[in-house]
Amino acid sequence: MAGIYVFSDKLDIAAEIISFAKQTGKEVFALTFTEEAAAELAQHGSNKVYLLKGVSPIVENYSKSIAEFITKEGAELFVVGATARGRDIAARVAGYLDCGMVSDVSSLSYTDGILVCERMLYGGAVVQSEVLTGLSVVTVPAGKFEVCEGKSEIVTVNLEADTRVSLVARTPIIKGGVELNGADKIVCVGLGLDKEEDLQMARELATVLDAELGCSRGIAEERQWLPVEQYIGISGAVIQPQLYLSMGVSGQIQHMFGIRDSKIIVAIDSNEKAPIFRSADYGIVGDMYEIIPLLTETLRNM
Ligand SMILES: Cc1cc2nc3c(=O)[nH]c(=O)nc-3n(C[C@H](O)[C@H](O)[C@H](O)COP(=O)(O)OP(=O)(O)OC[C@H]3O[C@@H](n4cnc5c(N)ncnc54)[C@H](O)[C@@H]3O)c2cc1C
């Protein structure tokens with residue numbers, strides 16, 4: 001059936017991109033691989049949920065048959081959640097379809113039947129519009145759209161899997177225990193920090209604020225003082241806390257991309273011209289080695 005076909009390996013993102021696609025006024029069909037996911041997605045207002053079944057547990061192995069299925073159905077667009085796996089599948093499906101693909105799209109609209117997509121470049125400094133014709137593929141980042149409600153029919157479809165790659169083992173990644181996505185408050189340290197031991201100062205402030213500790217990329221990648229999953233920015237975590245408080249972070253565009261959805265930004269930096277002050281709700285110009293212990297002590301005594 002003509003319309004927009006959507007897929008994400010993450011259920012919450014799949015629910016979001018159903019409502020994102022519905023904004024175009026087109027019919028929307030969700031693809032998923034498990035019965036539980038199908039039951040959940042069937043609550044979010046798509047025209048149908050297709051439960052895809054096959055012999056392989058690897059979703060990527062269905063890229064060719066997804067391309068064939070949506071072509072047969074007369075799809076106009078395939079929208080995929082921009083997770084690591086989603087990007088992989090989107091590129092493979094676009095390859096099999098030999099069609100145009102645009103990544104990290106922030107809006108979709110049809111003008112005279114032509115699809116116009118907008119995407120942000122340079123950390124959000126520029127919005128680029130791209131036109132796609134014919135069946136195309138786009139990826140959409142998470143956390144941007146309200147989920148809608150409405151019951152959908154579930155239809156089971158058997159797909160052929162490419163079995164050249166098989167699953168041998170699954171090994172969980174051991175994480176540092178810090179969860180920045182979904183954190184309400186985040187204290188962020190930057191390269192203004194002189195020594196690794198001084199992280200203790202940031203940890204103490206984070207503790208009194210009941211906040212998680214994040215950092216700029218250099219602290220994680222160059223100095224390796226914190227795990228990489230703790231750095232924030234365009235190539236790290238994109239956060240949406242109620243409070244983001246930075247110390248010794250200059251506020252380069254790649255970092256700011258990751259914090260722009262923070263509700264309140266507080267910046268402490270010794271350089272009054274640091275770019276972070278342009279986006280901060282509250283700024284303190286000064287030496288963090290003087291300010292942070294005072295702030296921590298004051299908050300502790302409140
Ligand atoms: C392709 C690409 C992707 C990137 N992705 C990311 C990303 O995702 N996240 C990210 O963070 N970066 C990223 N970067 C790096 C980014 O460009 C910046 O280099 C980095 O964000 C700077 O980190 P910083 O603010 O901690 O350090 P700096 O820019 O060196 O700033 C340090 C700040 O500390 C202040 N300071 C020094 N001493 C004190 C003191 N005693 N008290 C108070 N303030 C003090 C200084 O005034 C300065 O403003 C990326 C770069 C590239 C090229």
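## From a buried serine to the ligand site

Leaving aside neighbours within four places in sequence, Ser-152 is in contact (heavy atoms within 4.5 Å) with Leu-41, Ala-42, Gly-45, Ser-46, Asn-47, Lys-48 and Val-49. The model is predicted, so local features need pLDDT of at least 70 and side-chain atom pairs count only at pLDDT 80 or more, while totals for chains, interfaces and linings use all residues. Residues are numbered from 1 along each chain as its sequence is written, and side-chain values use heavy atoms, with hydrogens and water left out.

Ser-152 is found in the loop between strand S9 (136-140) and strand S10; helices (H or I, at least four residues) and strands (E, at least two) are DSSP runs, numbered from the N terminus. With a relative accessible area of 13%, Ser-152 is buried, where buried means under 20% relative accessible area, exposed over 50%, and partly exposed in between, using a 1.4 Å probe and protein chains only. The side chain of Ser-152 reaches the backbone oxygen of Ser-46 at 3.0 Å.

Strand S10 (153-158) also belongs to what covers the buried residues of helix H3, together with others including strand S1 (3-7), strand S2 (28-32) and helix H4 (84-97). Those buried residues of H3 (63-73) are Ser-63, Ser-65, Ile-66, Ala-67, Phe-69, Ile-70 and Glu-73. An α-helix has 3.6 residues a turn, so residues three or four places apart point the same way. After H3 comes Gly-74, whose phi is positive, near 80°.

Strand S11 (residues 185-189) pairs with strand S13 (residues 243-247) in the parallel sense over five bridges, and Ile-186 stands opposite Tyr-244 in S13.

The loop between S13 and helix H7 (253-259) holds Ser-250 and Gly-251. Ser-250 is partly exposed, with a relative accessible area of 31%, whereas Gly-251 is buried at 6%. A polar contact (a pair of N or O atoms within 3.5 Å; within protein, one must be able to donate a hydrogen and the other to accept it, and residues adjacent in sequence count only if both atoms are side-chain atoms) of 3.0 Å joins the side chains of Ser-250 and Gln-252. The "binding site" annotation in the unreviewed UniProt entry includes Ser-250, Gly-251, Gln-252 and Gln-254; such annotations may be inferred rather than shown by experiment.

The ligand is surrounded by 24 residues, of which the closest are Leu-191, Ser-216, Ser-235, Ser-250 and Asp-269, a residue being near if one of its heavy atoms lies within 4 Å. A polar side-chain atom of Ser-235 lies 2.7 Å from a nitrogen atom of the ligand, and a polar side-chain atom of Gln-254 lies 2.8 Å from an oxygen atom of the ligand.

Notes. Two strands pair if DSSP finds at least two bridges between them.
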